[in-house]
Amino acid sequence: MYDIKSPHAEEFICHEEILETLRYADENKDNEELIDQILEKARPKKTEKGVHCEGLTHREASVLLACEIPEKVQKMYEIAEEIKLAFYGNRIVMFAPLYLSNYCVNGCLYCPYHLKNKHIARKKLTQDEVRNEVIALQDMGHKRLAIEAGEDPVKNPIEYILECIDTIYSVQHKNGAIRRVNVNIAATTVENYRKLKEAGIGTYILFQETYHKESYEKLHPTGPKHNYTYHTEAMDRAMEGGIDDVGLGVLFGLELYRYEFAGLLMHAEHLEAVHGVGPHTISVPRVKRADDIDPDVFDNGISDDMFIKIIACIRLAVPYTGMIISTRESEQVRERALRAGISQISGASRTSVGGYTEEERPHDTEQFDVSDQRTLDEVVHWLMDMGFIPSFCTACYREGRTGDRFMSLCKTGQIQNCCHPNALMTLCEFLMDYAAEDTKRIGFDLIERELEKIPTEKTREIARSNIEQIKASNRRDFRF
Ligand code: SF4
């Protein structure tokens, strides 16, 4: 029954294999010898070409997640941070969500946009409104967006999504530009994925919500999303349609976290086995309060401590996959998550349709409560205070470094030679065009220090000269 290469959801996300994994993890959670072996396997190793990480299987990672021996848990955090530094350095990629429409024909029990919610205002942006939202986002300094829309074949057909992508890429306001549009829309056909690819999207993101089929069907009682198989096989169709970079995620709190964790890793293993490349990103949202939604009715909520441990264990299992945390989480939780392996965060997000151009909060079309409500400048400042480099870089995808090309660069550590200088150059753009004086001051100091860390002299000199040009003129968008 268990076949990771099978095209069928129920086989690559095999319920019996997950139950067997959880049993195995319970039996071995105090097996120190095995745990040490797994930790050793996860640790980054120096090779001739750079640094190499083997990653972990869903069974091995599940043993770590079940283990409660304090010194071993501490080791997990240390190795997670080591991996993060080896492949992502101290860079944190910045992005913002852009809600296009909250019309939706589905019945998801955890989302206020569900069809039966009659008291939430419904809204769909016109192209002029998209333009205004993009200008507002550019004025903050954002370069990378994730567009979001409910599933409604009449109100939000693929043509509407494509038109919005076109509009977003076309807006050039002052020195602003959105250089990468990631797309988070409902599972669709190979043909539609092909159209998204042609429109120049970055990552296609689709959260599984839960890998537990029975729970999934109960949580999605009506609408096309009820079909577990169609939803779970979406990433295979996306890759068949030519999309190299896909983003997975589950909504923690809906089902038992250990079940979701094993399912998520099995999904990643499946993509790697069949398509030769695992997920580009994994997101880790938790159920939050929203209009018509009380998170307390879902009895699988997880503590902050367990949440951070999950992030660290994912980091160990899939070392080359980016990890994303949103403003659903508070500043305190985000800080801990960054150290446990997160590589991408949103900033100054609005989770409502038209939220960037509306003054008052909360907005009447909000999908969930935003815990971290700081401005982008404040988030950038905060990251730099902690020694991170906020990066607005979008170069890889624009230089064709996607899918397995990105992964092979990443696996040999070569990505450092592009990403580090690119992060510094895009941070410099942000500082010049959008930052407050104090943010500028600490930012330019940070850039000076970080330039010295670029290993090759030639790259260091080019980066330095580009940064001088960014400071001296309106020239932007240098990239390696
Ligand atoms: S989660 Fe998505 S599909 Fe479900 S109701 Fe919300 S917007 Fe619709």
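**Exercise 1.** Is K195 buried, partly exposed or exposed? Then find its salt-bridge partner.

*Solution.* Keep in mind that this is a predicted model.
- Step 1: K195 has a relative accessible area of 27%, so it is partly exposed.
- Step 2: K195 forms a salt bridge with E191, and their closest N and O atoms are 3.8 Å apart.
- Step 3: Both residues sit in helix α8 (residues 190-198), four residues apart, which means about one helical turn separates them.

**Exercise 2.** Which parts of the chain does the salt bridge between D244 and K197 tie together?

*Solution.* 
- Step 1: The side chains of D244 and K197 meet at 3.9 Å, N to O, and a salt bridge needs a distance within 4 Å.
- Step 2: D244 lies in the loop between α11 (234-240) and β7 (246-249), while K197 belongs to helix α8, so the pair joins parts 47 residues apart in sequence.
- Step 3: D244 is partly exposed at 24% relative accessibility, and K197 is partly exposed at 38%.

**Exercise 3.** How many disulfides does a search of the whole structure find? Check C419 by distance.

*Solution.* 
- Step 1: The search finds zero disulfides.
- Step 2: For C419, the nearest cysteine sulfur is that of C396, 4.8 Å away; the cut-off is within 2.5 Å.
- Step 3: C419 is buried, at 16% relative accessibility.

**Exercise 4.** Which residues are linked with R179 in a network of salt bridges?

*Solution.* The network links R179 with R398, E399, E429, D477 and R479. For the whole model, the count comes to 36 salt bridges.

Technical notes:
Residues are numbered from 1 along each chain as its sequence is written. This is a predicted model: local features need pLDDT of at least 70, side-chain atom pairs count only at pLDDT 80 or more; totals for chains, interfaces and linings use all residues. Side-chain values use heavy atoms; hydrogens and water are left out. Buried means under 20% relative accessible area, exposed over 50%, partly exposed in between (1.4 Å probe, protein chains only). Helices (H or I, at least four residues) and strands (E, at least two) are DSSP runs, numbered from the N terminus.
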